[in-house]
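Visitor: I am new to this structure. Please take me through one part of it closely, the place where two chains meet.

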Amino acid sequence: MHEQVEKIHRQVRSEPPNILKTLLALQEQVGHVPVEAIPEIAHSLGTTTAHIAGVLSYYPDLRVAAPGRHIIRVCMGESCYANGCGRVLRALQDRLRTDVGETTSGGKFTLDTMSCAGNCAVSPTVLIDRDLYGRVLPSEVETMLERYR
Amino acid sequence: MSSATRLYLSNDTSARAAGAGLLADAWAARPDVQLIRLSSRGAFFLEPMVERDSPDGRVAWCNVQPEDLPSILAGTGGTPVRSIPFLANQTRFTCANFGETEPLALDEYQARGGLKGLEEAFRLTPDAIIEELRVSQLRGRGGAAFPVWNKWKVAQQAKGGPKYVVANADEGDAGTYCDRMILEGDPFRLLEGMLICARAIGASRGYVYCRQEYPAAAVTLRAAIQKADEAELLELDGEPFPIEVVQGAGSYVCGEETALLESLEGKRGVVRARPPYPAQAGLFGRPTIVSNVLTFATIPQILSRGGAWHASLGTEQSRGTIALQLGGRVKHPGLVEVPFGLSLRQVLEQFGGGMAPGSRFKAVQVGGPLGSLFPADGLDLPICYDAFAKAGAVLGHGGIVVYDHETDMVDLARHFMAFTADESCGKCTPCRIGSVRGREILERIQAGGGTVEDLTLLDDLGETMKLASLCALGGRAPYPVLTAIEHFPVEFRSKLRT
């Protein structure tokens with residue numbers, strides 16, 4: 001962890017200290033932002049641990065725990081709502097036997113929601129890692145997940 | 001490969017989600033196909049669309065499957081693009097390149113009139129640029145609808161530098177996707193608008209705050225900035241004007257301009273009290289123009305065609321065109337650019353094509369998750385700022401979501417309030433506490449434990465949030481909930497404890 005924080009620090013040193021940018025860069029490399037790294041990040045940016053912890057807890061996309069190998073995000077935006085995203089989410093919950101925000105017991109999938117993917121005209125939307133699925137039917141959930149076996 | 005047929009296929013995120021990616025994979029190795037990946041026309045109900053050149057313009061095959069390739073190559077069964085009513089009946093200016101050009105082809109952008117606005121801006125003085133915008137009567141397209149020229153004038157006259165130009169690409173309103181289409185499909189138009197603004201106010205640096213949910217947009221935009229830099233476009237009067245793409249991290253309220261600036265500085269995206277306005281003291285306390293992507297993208301043509309041209313479109317208080325984004329249970333979801341002034345009914349019937357098969361209309365929501373709901377008898381409202389303001393509603397960023405007969409209005413109202421409770425930045429009490437209490441009341445009603453007093457309480461709470469919240473998140477959050485109760489009272493009352 002020390003090396004990674006050092007490396008990111010070198011990358012962003014030329015700019016004014018930017019907590020969010022640093023945390024996003026660390027998450028990009030490690031997959032999440034371990035709480036143990038907070039003091040060192042604070043030290044390298046010349047700020048307090050409270051500032052770092054504040055930013056870390058504020059943004060929904062910053063994670064303090066390692067997610068599953070694949071992250072599933074079901075869009076809950078209004079167009080997706082109108083087109084039955086609730087049914088798609090329930091199908092995923094039933095199939096994975098896991099709740100929103102949780103990871104399956106084998107550590108394979110993390111199930112989450114998102115506010116809007118901007119895919120409203122092809123809704124409902126499910127995002128798995130970087131793959132965006134549109135016009136998803138609850139009956140298609142099984143086949144969709146099989147691609148990530 | 002002279003024998004290969006040129007086929008045009010969109011690379012837009014939604015087109016890919018609709019199946020364009022599958023087609024590209026299936027046809028990638030075919031020696032008889034030369035695939036050109038374009039932006040999308042925004043007729044998403046027809047995606048994936050495959051087009052070919054013909055002497056009379058492009059011909060399209062719609063909702064294409066991989067096995068349709070032989071008929072496309074044979075040239076049978078296609079429809080001329082200009083005879084597709086959804087597209088032919090639109091008035092496209094800001095969205096004119098959608099489906100026509102390769103997003104990163106600067107030469108194509110120029111060939112279709114791109115950079116003419118910037119050339120004009122270099123001929124004019126900063127004062128004359130701002131005057132042209134005043135004449136155009138352009139109002140910000142992100143939601144607040146503030147006169148653009150006015151904001152620029154304040155930033156131009158503000159003392160102290162450096163000054164900044166920030167494009168708000170945090171398109172968080174559910175039901176909207178036009179900014180995404182510009183970022184992915186016509187990025188040079190955004191950059192041109194930002195450069196014109198920078199020249200007018202004397203800014204030395206630009207930022208695009210791009211939401212994390214739009215990874216493809218950030219990639220395209222960074223590539224476009226690189227190309228613009230190589231073409232020596234990122235210069236103003238001999239000085240460099242670097243533009244940087246900065247990533248958000250999933251916070252809705254960061255689409256509010258002051259929260260966005262906090263986030264851009266790397267802090268918690270918490271709303272600032274105004275005044276001072278960003279045009280006076282914005283990023284790092286310096287004069288900053290924060291405008292929506294669509295606003296910047298509208299500006300190049302105002303310079304190249306003239307402010308009077310822009311003012312000749314639309315209605316008295318709402319000049320120009322509006323990019324509406326249709327979604328929900330409408331038959332033809334997609335992007336619609338039309339002059340202001342059509343009624344909601346006209347848009348839903350002429351472009352939306354009515355309801356999706358098996359659906360009956362129940363309500364339509366305009367302006368994202370903070371927008372008011374309209375029942376069937378409220379559809380004759382003209383789409384323009386003044387008529388919406390008079391009705392206590394907002395156009396927001398132009399999102400239109402249609403709900404059908406299966407929608408449970410109590411659950412929908414709870415969904416809205418839960419959204420605000422999740423996304424409130426926590427700075428002001430009416431929004432932070434009010435949204436949680438509002439959600440709890442709606443949960444109680446939903447569970448069958450609510451009383452008539454709870455509806456009165458929601459009304460009171462809503463008034464407090466409207467009047468006392470620091471920004472539009474808390475200030476607008478009651479509208480969808482209260483309009484749901486107003487137009488569908490029976491659904492709420494039938495759930496109350498007697």
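Guide: Start with one pair of residues. Lys21(A) and Glu244(B) form a salt bridge, and their closest N and O atoms are 2.7 Å apart. Keep in mind that this is a predicted model. Between chain A and chain B the count is 2 salt bridges.

Now look at the side of chain A that touches chain B. The elements that give two or more residues to this side are α2 (19-30), α4 (49-58), α5 (78-82) and β4 (131-133) of chain A. By class, this side of chain A has 20 nonpolar, 10 polar and 7 charged residues.

Next, step back to the whole contact. Chain A brings 37 residues to it, and chain B brings 58 residues. The area buried between the two chains is about 3,300 Å². Carbon and sulfur atoms give 53% of that area. Three residues of chain A deserve a look here. Tyr58(A), Glu78(A) and Tyr81(A) supply 23% of the area that chain A buries against chain B.

The domain assignment gives domain 1 (2-58) and domain 2 (70-146) of chain A. The C-alpha centres of domain 1 and domain 2 of chain A lie 30 Å apart.

Methods. Residues numbered from 1 in each chain as written. Chains lettered and ligands numbered in written order. Predicted model: local features only at pLDDT ≥ 70, side-chain atom pairs only at ≥ 80, totals over all residues. Heavy atoms only, no water. Contact = heavy atoms within 4.5 Å. Buried area = accessible area lost by both parts, 1.4 Å probe. Salt bridge = Lys/Arg side-chain N within 4 Å of Asp/Glu carboxyl O. Helix = DSSP H or I, 4+ residues; strand = E, 2+ residues; numbered from the N terminus. Nonpolar A, V, L, I, M, F, W, Y, C, P; charged D, E, K, R; others polar. Domains from an automatic or database assignment.
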